[in-house]
Structure formats: structure tokens, C-alpha cells
Amino acid sequence: MHRLAGRLVRLAILFAALLSAPPANAGPAGDIIAKLNTVFIDVMRNAKALGYEGRYKKLEPVLGEAYDFAEMTRVTTGRHWRSLTDDQKKQVIAAFHDLSIATFAARFDGFGGEHFEILGEEPAPAGSVRVNNQIVPASGAPIRIDYLLRQNGGQWRIIDVYLKSSVSELAVRRAEFSDILAKSGVDGLVADLKARVAKLRNGEAGASN
């Protein structure tokens, strides 16, 4: 009897500890991604009713708050950034911002019963945090989409996205943009990004590649 009572006490303590333990996505960086995931699912569920323009308008303020598009643009333009005028920097940031929103608006064009799961946070270099995240389809294996966040002005902002846990979106964009900048300069890059946005708006498959 005493042994059973002791076991019940230990189980009660363990249960209380589990209830008080923080979830895997605890923390302000994880909260940013959780909010983003909620909006993504809502947009996907209502994709047809919203249409491309409706999805764009719904996503723009949320992505604008979550992403540090200025920092991402600086990184993707590499060494060319230092030689740009303030006006040119503003143009590239605006074009990169528009392409990013347009890509999500075009990509989230339907819903197939998928959901997102945040797997946890881990510290990353230079004071940043990596939020491990995945999209789970109705059938098939989950797909990892991890986020790297860094504080800017006291707020956590996304500065990179890792597809399948290893492919850096910024690294891919940087190689791509550097080639365009070398060949066509900043005006050529802005024109190229605007052309991609137009293709996405018109529903042309593969326009984001």
C-alpha cells in the first residue's frame, strides 16, 4: 500500500512538471513563426475566395512585420550593396519585398489538409535564433522549413529561411542576384525582380525560379 502511494505521488509530481514545462515553440522567436503559420493556413484555406490579390493583401502586413527585408536585401546583394546610393537601396529593398510577398501569394493557392508544426528553437551564431519548423501534408513525409531570426530594434525578425533544413534561401538569392548585378547593374536587378512579380501576378508557373 505504501509502495503504491509512493508511486502515485511520483506520478503526480511528474505530471505537474509536464504541465508546467514550456512547449517546444516557447520563446518570442517561436511566437513569430507560430503567428506566421496561422496566417499561412488561413490564407491557404481561403485561397480561392481571396484570389491572388486578396492573398497578397492579407500576407503583406504579416510578412512585413515578421521579415527583415532590408537586411535580407543587403545580404543578397553582397559586395554590391556598399556601392549603391540610398535611392537605389530603397528601390532594391522594395523590389525584393514585393517579390517575397508575391511568391507566397502565388504559392499558397489552395489547401490540401496540411498543417505546420514548430519543433523548437536553438541558438545560432551572432545572437540569432533558429526556429525549426515543418509543414506536414495530409499524406506523405513532413517538409522542413526552418527560420533564422535576429533581433532588430528589440524585435525578432526573420533574416533567412532554410528549406529541408539546409538550403539557405539567402545563399541561393545572393548567387542569383550577384550574377544579375554583375551583368546588368542595379537597374537590371530591379527590372528583373519587377518582371518576376508581374509573372507571379499573372499566374505563370515557375516564375519564382
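This is a predicted model: local features need pLDDT of at least 70, side-chain atom pairs count only at pLDDT 80 or more; totals for chains, interfaces and linings use all residues.

Below are my entries on a helix pair, a pocket and the cavities.

**Entry 1**

I started with α3 (residues 47-66) and α5 (residues 86-107), whose axes come within 9 Å of each other and cross at roughly 125°. That angle is why I put α3 down as oblique to α5. I also noted the hand: α3 passes α5 in a right-handed crossing.

Next I listed who makes the contact. From α3 I have Y52, R55, Y56, L59, E60 and L63. From α5 I have H97, D98, I101, A102, F104, A105 and A106. Sorted by class, the residues of this contact come out as 9 nonpolar, 1 polar and 3 charged.

**Entry 1: the largest pocket**

How much volume does the largest pocket have? I get about 750 Å³. I count 29 residues in its lining, and the closest to the pocket centre are T103, R107, V161, L163 and E169.

By class, I wrote down 18 nonpolar, 5 polar and 6 charged residues for the pocket lining.

**Entry 2: the cavities**

How many cavities of 30 Å³ or more does the structure hold? I found 2.

The largest cavity has a volume of about 40 Å³. Its lining is I32, K35, L36, V62, E65 and A66, and the elements giving two or more residues to that lining are α2 and α3. I sorted this lining into 4 nonpolar and 2 charged residues, with no polar ones.

For the second largest cavity I also have about 40 Å³ of space. Y67, F69, M72, F96, S100, F104 and E169 line this second cavity. Here α4 (69-77) and α5 each supply at least two residues, and α5 gives the most, with 3. The classes for the second cavity are 5 nonpolar, 1 polar and 1 charged.

Going back over my entries, I marked two residues. F104 is in the contact of α3 with α5 and also lines the second largest cavity. E169 is listed among the residues closest to the centre of the largest pocket, and E169 lines the second largest cavity too.

Definitions and conventions: Residues are numbered from 1 along each chain as its sequence is written. Side-chain values use heavy atoms; hydrogens and water are left out. Axes are lines fitted to C-alpha atoms, for helices over the stretch in contact, and angles run from 0 to 180 degrees between N-to-C directions. Helices (H or I, at least four residues) and strands (E, at least two) are DSSP runs, numbered from the N terminus. Angles under 35 degrees count as roughly parallel, over 145 as roughly antiparallel, 65 to 115 as roughly perpendicular and the rest as oblique. A crossing is left-handed if the near helix is turned anticlockwise from the far one by less than a right angle, and right-handed if clockwise. Contact means heavy atoms within 4.5 Å. Ala, Val, Leu, Ile, Met, Phe, Trp, Tyr, Cys and Pro count as nonpolar, Asp, Glu, Lys and Arg as charged, and the others, Gly among them, as polar. On a 1 Å grid over the protein atoms alone, a cavity is a set of points where a 1.4 Å probe fits but cannot get out, and a pocket is an open set with protein on both sides within 12 Å along at least five of seven lines; lining residues have an atom within 4 Å of a point. Grid points are joined across faces, edges and corners, and a volume is the space filled by probe spheres set on the points.
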